[in-house]
Every structure is written in structure tokens, then in C-alpha cells.
Amino acid sequence: MATAHFIHLHAHGVNMVPEDFVAQQLNAVLSDMNVDVVKTGMLPSLSVVKVLCQSLRKFPVKALVVDPVMISTSGDILAGPSVLAGFRDELLPMADIVTPNIKEASVLLGDVPMKSVSDMRTAAKLIHDLGPRNVLVKGGDLPNSPDAIDIFYDGKEFYQLSSPRVNTRNTHGTGCTLASCIAAELAKGSSMLSAVKIAKRFIESALDYSRDLVIGNGVQGPFDHFLALKNTNKSSCRQDRFNPSDLFLYAVTDSGMNRKWGRSIAEAVKAAVEGGATIVQLREKDADTRDFVDAAKVCLEICRSYGVPLLINDRIDVALASDADGVHVGQSDMPAHVARTLLGPEKIIGVSCKTPEQAHQAWIGGADYIGSGGVYPTNTKANNRTIGLDGLTEVCKASKLPVVAIGGIGMSNARAVMELGVPNLKGVAVVSALFDRECIVTETRNLHTALSEAALLIQ
Ligand SMILES: Cc1ncc(COP(=O)(O)OP(=O)(O)O)c(N)n1
Ligand SMILES: Cc1ncsc1CCOP(=O)(O)O
Ligand SMILES: [Mg+2]
């Protein structure tokens, strides 16, 4: 079977489609189907812009995504001043979101300089004043920036969305894909900010996946949109990067407890996964860095053989050195967005949150899940405020991310936590009830059974 690649060619010539033919085509599609979302790409003339606006007035859609293609990433100028006037006067006021890169943002605003993230914010606001409901200024081409920073502005708040810059020549078509992905997510019912975040993460993953592709001889190569269909062994791009149901029974180790019971970290981890732990975190507060990395590598082999993800508490360096599946960070650890930049799109990032506001920030920062607690008082973490079942419920209800409950949870109360049945609550994280016990396998098995029974009740 031939491999399909979505190929964007550099412009070698342009053949304009007459505007009445474009009008006919739009009429044929928009009158025949209930189109929810329209996304525009390159619009070559003012008359085509006008035809499009007329059609959209006749057949209104739920969302219009405007990718103001005027200058390609490769620097080709794709639209002249009259098209620019059409964008400003007619199309942008109808748009639900417009997604200029920094060169396009500059041109839209009459060639203002765009040299910094602060310039991007100013531009987002000024473009918003032209009429679109939301603006995403893409900073992929911003010079001297180690990250790909985009500014999203919804008319009230600015959101700085950053992702690690993927070092590859295969960036051709990223702008079109981002806007198409936003359109697809909106059609599926996402909110605008969600759609933008999902699209950005898709681009990041696709760039990472395609970084070494060699297709054609252009300065830029195309990237591969079909990464999700490929069965790859590339560890940086596992198929199921994170499955929220993995949070069901989250075993968190403790070096003090292992010492007390005379066990190595690896022995403790092996027992927990044998008993049915669905995800493991190494929380080794007093381990030497070298020992920690070595132990993580051994634990990773054990966990991989059970198909269980292994995360590292606090230590991004140890996660990177051992190629663990991700990290868990708290409110005073490395911020999630920095961890994301360091670890890349495919690693799992969990963030501890006690409040809805922290949960919102974790989501903005690109986390995958939230650990919320202490639900009950605990001796395992000193000076940790207890939030109770009410605090947990509040976080779960507000969260856009899956949540795992933590703190003082064991056989006596795990059912009560699960039976809350609140949205997003996926499981419990446990330290002492598994690791400060004589037989870790038995304790894990019993807790797994109790949680499964409770989960059945709330279905
Ligand atoms: C799953 C999970 N949730 C919360 C925490 C606590 O993290 P943090 O607040 O950073 O505290 P420490 O564990 O680092 O002491 C966690 N580790 N895991
Ligand atoms: C790490 C952490 N974060 C909030 S509570 C807690 C400790 C949980 O340990 P235990 O399960 O023994 O109460
Ligand atoms: Mg921490």
C-alpha cells in the first residue's frame, strides 16, 4: 500500500480560480449540508474574499476559522494589499478566530515590528479590535526564542501557550494544519481555548514524530499528519501516551518506608504492579541522584513489562535521564509548562492542586492530570493541608483534566472516595497503605478489588 503524505509544495506558479466558480462551489456545499465550521486558507483576490463573505452571510455557520495566509513560513508573499483590505474590512469581523503568524500579524497591522512576546500580545489586542472574536498570534518564527510561544486572546484574557521548539526542517504546512485542527475540534464541540490547545499539542507531536522524515529536496520538508495511525516503537512517541484510566490505582513509593521494611525500590515497585497498581510514581525524597537514576531505569523495565507507566516525583532531570514516562510536580516544584518544554509532548505530567484555580493553571500549563489532596490527614507528607472530600469535589468539578485523589487513602476509605462519583475523578493515589505494609502485593490487590467494586456502583 502506498504511504499517503499530505504534501505542501512551494509555490512555483498560481492559477486563479474565477470568483463566480468559487461562489458556485460554496453554494453547492453550503446549501447541501449543515456545515458547522468553515476554515479559510489562502484567498488569492479581493473578489474571492467578497464572494466568501457573501456566501457566509447567506449560509451562516457556527464558527469561522480564518487562517490569514499572506506570507508562508518559507517567506513567500501570498496575498497583496487589496486582499489585506478585504481581510480587515470584511472577513475578520465575521471570524470566530484568526490565526496569523508574526509576519501576518505585522502586515495586518500595517507593518508594525514584531520582535517579542510583548509585541505579540499588543498585536493580538489590536487585531481583536478589527473584529474577530478570538485571536491566536503564532510565535513559531519569533527569533531567539527557545520555545514556540503563541498568544491566544479572547477579548478578555491573554493566554501564553508554549511548547518546545522541535528542531526539524519538516515544518511545511504547520500553519494550515493548526487552523484545520482548531476547526475540527470546534466542530466536535470543543470550546475555543480547548480547540487551540489540542491543535497546538497535535502540531507539537506531529513535528516531533516527523522530525527525521526525508521527503523532497526543499529547504523545508512536509510533516506527517498520520502519526496516530502509525505503529511506532519510537519511545518519544508512544501510541497511548496517557490514558486517564491509568490513574485508577496509583502507587507512590517512599524511600523511608522501603528502608523500614528492608526492600529495594525495585522490589517495592514490582510487588505493587503485580498486585494491580495501574501507574507508579517514584517519590524518593532522599535518594542520591545517581542511585535514583539507576533505580528508575530498573523500575522502568519492570513497569514496561506490565504496561504500567512510571513517573518520577519532582525530578525532571531523573525522568529525562531514565526515559521515564513522565513526572509529578507540586505547586512549589518546576511549573508544568516548563516541565512540558523540557520533557516534550509525549511525556506524562501530573500537577498537585488543592483549588480550582490551580487546576485551571495546570491545564493551561499543558499537564495531563491532577493529583488532588490531602483528602484525609496523612503522616506521609508533613504540613500538608487537608482539603477533605468537599475540596476534592470542588477541584474535580472545575477541572478539565482527569483527577486522582491522594492523602490518607487506604482500605478504610478508598470506597468512599470512589463512590463520590464526581466528574473527572479517575482513581486514588496511595503511599503508606501499600508501602508501609508487610505484603505490598496483597495490599495492592485488596485495594484494587475495593476500588473496582466502588467503580461498579457508580456506573
Ligand atoms: C499523584 C500525586 N498527587 C500529589 C502529589 C504531591 O506532590 P507535591 O505537592 O509536589 O508533594 P511531594 O509529593 O513532592 O512531597 C504527588 N506526589 N502525587
Ligand atoms: C504526597 C502527598 N501529597 C498529598 S498527600 C500526600 C501523601 C500521601 O501519602 P499517604 O497515602 O501515605 O497518606
Ligand atoms: Mg513535589
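**Reading the labels on a predicted model**

User: Why does Asp111 count as exposed?

Analyst: In this predicted model, Asp111 has 9 C-beta neighbours inside 10 Å, and a residue is called exposed if 12 or fewer other C-beta atoms lie within that distance, so Asp111 counts as exposed. You will find Asp111 in the loop between α4 (102–108) and α5, and its phi is near 65 degrees, a positive value in a residue other than glycine.

User: What makes Asn424 a buried residue?

Analyst: Asn424 has 20 C-beta neighbours inside 10 Å, and the label requires 20 or more, so Asn424 counts as buried. Asn424 belongs to the loop between α15 (414–418) and β14 (425–430), and its phi, near 80 degrees, is a positive value in a residue other than glycine.

User: How do you know that Ala272 is buried, and what does it touch?

Analyst: Ala272 has 30 C-beta neighbours inside 10 Å, where 20 or more are needed for the label, and therefore Ala272 counts as buried. Ala272 lies in helix α9 (residues 265–275). Leaving aside residues up to four places away in sequence, Ala272 touches Ala251, Ala277, Val280, Leu434, Ile440 and Thr444. Ala272 and Glu443, although 171 residues apart in sequence, are 8.5 Å apart in space from C-alpha to C-alpha.

User: How much of the chain is buried?

Analyst: Buried residues make up 46% of the 459 residues in the chain, which has 17 helices and 14 strands. If you look at contacts with a separation of 6 or more, residues 24 or more positions apart account for 65% of them.

User: Why is β11 said to be largely enclosed by the rest of the structure?

Analyst: Five of the five residues of β11 are buried, so the strand is largely enclosed. The burial covers both faces of β11, with Ile348, Gly350 and Ser352 on one side and Ile349 and Val351 on the other. Strand β11 also runs parallel to β10, and four bridges join these two strands. At one of the residues of β11, Val351, the bridge partner is Val329.

User: Which residues touch the most other members of the largest nonpolar core?

Analyst: Ala405, Val428 and Val430 do so, in a core of 72 residues. Val428, not counting residues up to four places away in sequence, touches Leu249, Tyr250, Val404, Ala405, Ile409, Ala414, Val417 and Leu451. Apart from this core lies another, of 56 residues, among them Leu46, Phe87, Val107 and Ile203.

User: Which residues come nearest to ligand 1, and which strands supply its shell?

Analyst: Of the 17 residues around ligand 1, Gly330, Ser352, Gly371, Ile406 and Ala429 come nearest. At least two residues of the shell come from each of β7 (249–252), β10 (326–329), β11 (348–352) and β13 (403–406). By class, the shell around ligand 1 divides into six nonpolar, seven polar and four charged residues.

User: What are the classes of the residues around ligand 2?

Analyst: The shell around ligand 2 has five nonpolar, eight polar and one charged residues. Of these 14 residues, Thr378, Thr380, Gly407, Val431 and Ser432 come nearest.

User: What is the omega of the cis peptide bond between Gly373 and Gly374?

Analyst: Omega of this cis bond is about -5 degrees. Gly374 has its place in the loop between β12 (369–373) and α14 (388–398).

Notes: Residues numbered from 1 in each chain as written. Chains lettered and ligands numbered in written order. Predicted model: local features only at pLDDT ≥ 70, side-chain atom pairs only at ≥ 80, totals over all residues. Contact = placed C-beta atoms within 7 Å. Core = buried A, V, L, I, M, F, W, Y, C linked by C-beta atoms within 7 Å. Near = placed C-beta within 6 Å. Nonpolar A, V, L, I, M, F, W, Y, C, P; charged D, E, K, R; others polar. Pairing = 2+ DSSP bridges.
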